[in-house]
Amino acid sequence: MSWQFWIELFFLAYFGVVNVVYLIFLILGSFQVYKRFNQVQEEDATLLLKSNSLPEILFVVPMHNESANILSNFWNIIKLSYRYKKVIAVNDGSTDDTLDIVLKAFEFIEIPKVYNDLLPTQAVKKVYRSKTYPDFILIDKENGGKADAVNAAINAVTTPFFVVLDADTILDSDGFEKLIRPMLVSSKTIAVGSCIRIINGCNVEYNRVTTAGFPNEFFPAMQAIEYLRAFFLREGLNLVNSNYIVSGAFGIFPRDLILRVGGYSETVGEDAEIIIRLHRLMKELKLPYEVKYLPDPIAWTVAPSGYKALSKQRVRWHRGILETIWHHKRVLFNPWYGGFGVLGLPFLTIGEAFEPVVEIFAWIYVGIAFYYGFLDLEFFYLIIAISFGFTSLYSMVCLFIEEMTFRKYPSLRSLTVLFLCNFVENIGYRQMTIYWRLKGFVDFFWNLKGTRKETIAIRDKVNACKADWPK
Amino acid sequence: MVSLCVLIIAHRITAHSMNRKSKERRKIISDYIFQLLQERKLPGDLPYPGKKKWKRELLKVLEGFDLKIKEELWEGIKKEMSSLYLIYFARKWQSKGAWRKRSFSARVFAIAPFVEDEEIMVKMMNDPEFIVKNPASLAAIRLGSERGIHKALYAIAHEEGYIHFFYQDLLLQNPSSVFEKVLEFAKDPSLMSACLQVLSTTTWSKPIPFLKDTLESPDPFIRSLAYKILLRNEIQDRLAFFEKGLSDADEGVKTASLEGITYYPMEPYFGKLTESLKDSSWPIRYAAAKALKKAGEEGMKILNSQKEGLSFQAAQYVQVFD
């Protein structure tokens, strides 16, 4: 058989296998979504609202030059109907007027720093407490990145749980209450994530999404479809306890556990890294655990609407994925780490991290074959069908399941636009994302020296945690 | 792809019509209940306009009313409606494989529990689904079931994680029927801390016989829970215990005692309070400063005389925030 045959077989097999895995996760995920939807319908959240003995939950909002959205975010949290909450805003060395805006809006007064730094962070300059909302604390610290800011907030409180929230993310009040129960009822739950939706195009009144709508701009519209697909994949991974990420925009964690594992790490994909580290540690310590990803669409985030911002985000995300895999490469294909070692992380590596490389080589091959006249049309149509066609079909099925359950896009206009965008996505936008992700690869290799250093720091954290863990 | 679009549209139409129907049914049932309440009648006195198959809608309406109305007539109405139209399904579905049916069953029991169903409720408290276990526990506790309360206390004491928040809450929803039994179970050492935890969250009008013993327990956790109870409940020699607690090594006990002495004239404790302002623990410093602020002019003088260090921080803090 000719070498062309083997190359074509490789590309077809790669996309075929990845698609089959996606399909399996979609089927598994849809059952999860349906069950959760029924649970939400069945459960009476008023019992929770009336409760006088629920635990305090800390909302951590790291902010770095976030003056545009920051106030609406804080009002959104303060007005959540869950009563037992504390809010810590961490000003991570903003260079704009973020700090001044927040200080003025909530009448912050400087207070003594009365806690010890259990996790190392950049220097804390000042600690403030709001006079109007006494459970609202502001920490002003030197710039150290998002992970450093979250660690600074963890140091400052003793609440059993904390929620990490991006400064441009707002929450649904009703939905948040329903999310507490899954965290509380099982001691095995070590992290809870939830479905994130895009706020662009939605009606927002009094810092709450009142009517969900589909984004009007091109890039946010494309991202809305991507988010929908990603969410079903994670739901499927949930069922085999192999979820490798709880979105940085919204996640709930037990504070004590995060303290024990050494807090967040200074890496580009800190949200994925902490989850993979938790998987790794729990497996090494032979402890039962669950990382939950719930389909409840409770968090709404601002999607970048310009080319530059989106490209920056995607390059960063892809570099984050690669760095995280690098940090935890010993878990990869290692049956000792169970389903996560042989399924979750390998899928992240092969199905997501290397996907742009394979796809670009596939199209380079098609180009060369066409130029030299040996392009097999059957192969060409097949590759179009299993890469572009499958993505469109997959998105449609996701949309269908979404429609059967939570139905967050109620208007017919939203549905029609979503349907149309689904086809447009493959022409232009898909190629752009491949380019950005390839740039992420370049960035990763460019910074490999620093990544190696961070890998050693993470390994030390893992070892220290294992040594200190009570027998 | 086209068939998916057709399915989506078909689903929209069906869901819309089902929602409308369900709303109409709930309105009919709500109107009927309003009529019963206005005319002060029981369901047997007025014909029910609904149908037997409207059970889910009926349960939802009953749950809605139950949140808002607490009078005796309502208790009678919901009991009779439940026994006429719901309890048959609740008993039939209690051990079904589908969790939604079991959940329905538990919710019916929670709305109006009957003594003859105690066994079922207690059994349902072991359901693997929390969404079933929770209303079943509420039902058993509402009924005042001894086995149900024991199970809830056992879960608070032994189940890992934060599930105890839910059980504690359920026990506190019906404090009068729960109190005597909690006191009884507190004699069991394995349930003692759970009982104290429940008792420490509210004020009881009746005496707690073992409180004095627990205030002197060698276990600091038990002691601090007992001091929390002492804060909310009056006993003989209460002040003496608070006085003693001011010198306790445990942070929880000391903080509760600092709060406790504020209910009495504080002049004799100014020395201790000033000393506590320099404690290495922030909650103790903060409680001492708060107590001094409550003491009035004299206390404020002490707070204002703090010029530097830990005591100065605490003094400044309470003056701004409390």
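Asp237(B) lies in the loop between helix 12 (220–232) and helix 13 (238–245) of chain B. Helices here are DSSP runs of H or I with at least four residues, strands are E runs of at least two, and both are numbered from the N terminus. Asp237(B) is not a glycine, yet its phi is positive, about 60°. At 46% relative accessibility, Asp237(B) counts as partly exposed. Buried means under 20% relative accessible area, exposed means over 50%, and partly exposed lies in between (1.4 Å probe, protein chains only).

This is a predicted model: local features need pLDDT of at least 70, and side-chain atom pairs count only at pLDDT 80 or more, while totals for chains, interfaces and linings use all residues. Residues are numbered from 1 along each chain as its sequence is written, chains are lettered from A and ligands numbered from 1 in the order in which they are written, and side-chain values use heavy atoms, with hydrogens and water left out.

Glu107(A) is found in the loop between helix 4 (98–105) and strand 3 (108–111) of chain A. Its relative accessibility is 43%, so Glu107(A) counts as partly exposed.

**Helix 3 of chain B**

Helix 3 of chain B covers residues 72–93 and bends by about 65° at Leu86(B). The bend is the angle between axes fitted to the seven residues ending at a residue and the seven starting there. Leu86(B) is among the buried residues of this helix, and so are Trp74(B), Lys78(B), Met81(B), Tyr85(B), Phe89(B) and Trp93(B). The cover over the buried residues includes helix 1 (2–38), helix 2 (55–68), helix 4 (99–111) and helix 6 (130–143) of chain B.

Take helix 2 of chain B. Its axis and that of helix 3 of chain B come within 11 Å and cross at roughly 140°. Axes are lines fitted to C-alpha atoms, for helices over the stretch in contact, with angles from 0 to 180 degrees between N-to-C directions. The crossing of the two helices is left-handed. Left-handed means that the near helix is turned anticlockwise from the far one by less than a right angle; clockwise is right-handed. On the helix 2 side, the residues that meet helix 3 of chain B include Leu58(B), Leu59(B), Leu62(B) and Phe65(B). On the helix 3 side, they include Trp74(B), Met81(B), Leu86(B) and Trp93(B). Contact means heavy atoms within 4.5 Å.

**Aromatic rings**

Rings of Phe, Tyr and Trp (its six-membered ring) pair if their centres lie within 6.5 Å; planes under 30 degrees apart count as stacked, over 60 as edge-to-face and the rest as tilted. By this rule the count comes to 58 aromatic pairs over all chains. Two edge-to-face pairs are listed here.

| Pair | Centre to centre | Between the planes |
|---|---|---|
| Tyr82(A) and Tyr84(A) | 6.0 Å | 75° |
| Tyr286(B) and Tyr317(B) | 5.5 Å | 80° |

Tyr286(B) lies in helix 16 (residues 282–294) of chain B and Tyr317(B) in helix 18 (residues 309–321) of chain B, so the pair ties together parts that are 31 residues apart in sequence. Tyr286(B) and Tyr317(B) are both buried. Tyr82(A) and Tyr84(A) are buried too.

Chain A also holds an aromatic cluster, whose members include Trp3(A), Phe10(A), Tyr14(A), Tyr365(A) and Phe379(A).

The charged end of Lys113(A) sits over the ring of Tyr115(A), 4.6 Å from its centre. The charged end of Lys329(A) sits over the ring of Trp326(A), 4.3 Å from its centre. The rule asks for NZ of Lys or CZ of Arg within 6 Å of the ring centre and within 35 degrees of the ring normal.

Val157(A) is found in the loop between helix 5 (146–156) and strand 6 (161–165) of chain A. Val157(A) is buried, with a relative accessible area of 8%. Beyond its neighbours within four places in sequence, Val157(A) is in contact with Leu58(A), Lys86(A), Ile88(A) and Arg255(A).

His318(A) is placed in helix 10 (residues 307–327) of chain A. At 3% relative accessibility, His318(A) counts as buried. Not counting residues up to four places away in sequence, His318(A) touches residues including Glu352(A), Pro356(A), Arg437(A) and Phe441(A).

Gly299(B) is found in helix 17 (residues 297–305) of chain B. Gly299(B) has 0% relative accessibility and so counts as buried. Leaving aside neighbours within four places in sequence, Gly299(B) is in contact with Phe270(B) and Leu292(B). Gly299(B) and Phe270(B) are 29 residues apart along the chain, and their C-alpha atoms are separated by 7.6 Å.
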